[in-house]
Each structure stands twice: as C-alpha cells, then as structure tokens.
Amino acid sequence: TILHDRRDGWHRITLNRPEKLNSFNEAQHLALRAALDEAAANDACRAVLLTGAGRGFCAGQDLGDRDPAKLDDKLDLGHTIETFYNPLVRQIRGLAKPVICAVNGVAAGAGANIALACDIVLAARSAKFIQAFSRIGLVPDSGGTWFLTSLIGEARAKALMLTGEAVSAEKAAEWGMIWRMVEDDALTAEAEALAEHLAKGPTFAYGLIKQAAQSASGNTLDAQLDLERDLQREAGRSSDYREGVSAFLEKREAAFSGK
Ligand code: LHQ
C-alpha cells in the first residue's frame, strides 16, 4: 500500500494504491504511519518526500468498502478520524524534519488536507485539490478547515468547502495554498532536488522553525516573541550554528550535521 524508498539523507514515501487513486484503507494508514515513524526515528533521514503512485495523489478515504445499508445513526466516523486521520496529521506536523509533498495528481477529501499538512507543497500542473466532503454529505477533516482558512482566508475556504469545487494547482499556488506549481514532467526532479537540499540543511533548526511557524497562529505576538527567544536559545547551542558561522567567516559552504 505504500513504497518506502530510503535515499541518502532523505526518504521518499509513496502512497501506492493507484487503481483506487491511493485512497486510504486501514492498511495504507498503518503502513504510512510506520514509514513516518521510521523516518522520524532515523537520524540519517533528514527530510521526507510524500507523493502518490499513478495519476492521482490521494482520493481521501476509500469509500469502496462502505455498505450504504450500514450507514445509520449508530455509525461513528469520529472514531475513524480519531484513530487514523488525526494521528497522521499530528505526526506530519510534529515530525522534527521537513516534509515535502509532491502532489502528482488529484488530491481529494482527506487526501487534499494531508497534502496541506505537509511543510512544503509542490503540485504538478495537472493536479487539483478538491474538498470533496460536502459532495457526500460530510465535513472537511484532517485539519482542512484549519489549514484552508489560515492559508487562503475564510471567504475562499468556505466557498471551496461548501461547493466542493476543484482548485487547479495554478490557482492553489496563486492563492498561497501551496508553495509552487511545477510542470508535470518536472515534478519528480524538482521535489527530489528540494529533498536533497533540505537533507543537507540544519535539521535541528528546521525542526524548531516548524514548531515556531506552527505556533504563530495560536499565539499573541508577545507569546510568539517569547517562543522565538526560547527556540533561538536552543538553536544557538547547536553544532550546526557553530558550523554555519564558521563556514560564513571562512567563505565556504557549510557542512551541516543536522545536530
Ligand atoms: C476511489 C476513491 C475513493 C474508493 C476514486 N474510494 N475508490 C474520513 C473518515 C471516515 C469516513 C469518510 O471520510 C473521511 C475523509 C474523506 O476523505 S471523505 C472524502 C472521500 N473522498 C471522496 O469523496 C473522493 C471520491 N473520488 C472522487 O470524487 C473522484 O474519484 C476524483 C474527483 C478524486 C477523481 O475523479 P476521476 O479522475 O474522474 O477518477 P475516477 O472517479 O474515475 O476514479 C478512478 C478510480 O478510483 C475509480 O475506480 P474504477 O474501478 O471505477 O476505475 C474510482 O472508483 C476509484 N476511487 N476515489 N475515495
């Protein structure tokens, strides 16, 4: 259900149920969780690249195994969210190294929002983002209501969530929903180059940068200033800071260890 490619310095994790547009069943959730856990625990892995096999990125929850006869007022989708989707989003956000998402094709439902949970999102020109939930009578999950409102504002976010209209990669980039749109045939190379670049970076500082950026919207400026002070104190004690300063003074490229 997933492919885990351990490269020198970074890992590529590929959702791999292309015949179902990589929609999530339980097995795919568990395999992705294990792969992310491994990437998090392995010091040699300093960046993660998440993508999808085939023509889609991810179509959200696999709806194929739903028996409409069993969809009644006893059903607890909250349990599915709590067991699988929320831990996944927390895992991506909590991973103390950069997670790049290369959106190779359609990203729908939870698939769109898992992409938005990643740190740097590149999307192929032919990719699109669909808040498909309202099309089947559901509410956006996997952080979508939070990510979208903060990324593109409440007006655009609400319209997308209510209409279920698709957003092209080009529009997503123009709106600031993602980092960049890339031509289809350039996506893999661009995403790999970015992963390789980040894998040589100051990984410890990257983890702190994620933490700071993700805290901003819930903090007052005062609280955020305090947080920056604390994080900078930690960064200032890292060997990568020593190396960064030495390299600057010696006019050479820094060789960061990630520590
Ligand atoms: C699929 C799926 C799919 C199964 C395409 N499942 N087979 C959380 C907690 C608990 C419950 C519910 O949900 C959630 C979160 C969610 O994610 S809810 C939202 C679930 N996702 C959707 O509603 C999206 C459903 N898919 C679509 O609307 C379309 O497939 C999109 C717009 C993504 C792509 O359209 P097309 O490019 O026209 O492709 P297609 O529809 O022909 O799909 C290709 C195949 O993939 C097809 O199978 P087939 O055997 O006919 O070739 C689809 O049935 C299958 N597929 N999404 N979610």
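This is a predicted model: local features need pLDDT of at least 70, side-chain atom pairs count only at pLDDT 80 or more; totals for chains, interfaces and linings use all residues.
1. A nitrogen atom of the ligand is 2.9 Å from a polar backbone atom of alanine 59. An oxygen atom of the ligand is placed 3.0 Å from a polar backbone atom of alanine 110. For glutamate 19, a polar backbone atom is 3.5 Å from an oxygen atom of the ligand.

2. Helices α2 and α3. Helix α2 covers residues 77–94 and helix α3 covers residues 110–117; their axes are 9 Å apart and the packing angle is about 20 degrees. Angles under 35 degrees count as roughly parallel, so α2 is described as roughly parallel to α3. The crossing of α2 past α3 is right-handed.

3. Helices α3 and α4. What is the handedness of the crossing in which α3 passes α4? The crossing is left-handed. Helix α4 spans residues 144–152, and its axis comes within 9 Å of that of α3, with a crossing angle of roughly 60 degrees. The two helices are therefore oblique to each other. Asn113, Leu116 and Ala117 of α3 make the contact with Gly144, Phe147, Leu148 and Leu151 of α4. The residues of this contact divide into five nonpolar, two polar and no charged.

4. Helices α4 and α5. Helix α5 runs over residues 154–163; the axes of α4 and α5 come within 7 Å and cross at roughly 140 degrees. Only angles over 145 degrees count as roughly antiparallel, so α4 is classed as oblique to α5. The contributors from α4 are Thr145, Leu148, Thr149 and Ile152, and those from α5 are Glu154, Arg156, Ala157, Leu160 and Met161. The class counts for the contact of α4 with α5 are five nonpolar, two polar and two charged residues.

5. Backbone angles to check. Which value does phi of leucine 21 take? Phi is near 50 degrees, a positive value in a residue other than glycine. Leucine 21 sits in the loop between β2 (11–15) and α1 (26–41). Lysine 251 likewise has phi near 50 degrees, a positive value in a residue other than glycine. Lysine 251 is located in the segment after α10 (239–249).

Methods. Residues are numbered from 1 along each chain as its sequence is written. Side-chain values use heavy atoms; hydrogens and water are left out. Axes are lines fitted to C-alpha atoms, for helices over the stretch in contact, and angles run from 0 to 180 degrees between N-to-C directions. Helices (H or I, at least four residues) and strands (E, at least two) are DSSP runs, numbered from the N terminus. Angles under 35 degrees count as roughly parallel, over 145 as roughly antiparallel, 65 to 115 as roughly perpendicular and the rest as oblique. A crossing is left-handed if the near helix is turned anticlockwise from the far one by less than a right angle, and right-handed if clockwise. A polar contact is a pair of N or O atoms within 3.5 Å; within protein, one must be able to donate a hydrogen and the other to accept it, and residues adjacent in sequence count only if both atoms are side-chain atoms. Contact means heavy atoms within 4.5 Å. Ala, Val, Leu, Ile, Met, Phe, Trp, Tyr, Cys and Pro count as nonpolar, Asp, Glu, Lys and Arg as charged, and the others, Gly among them, as polar.
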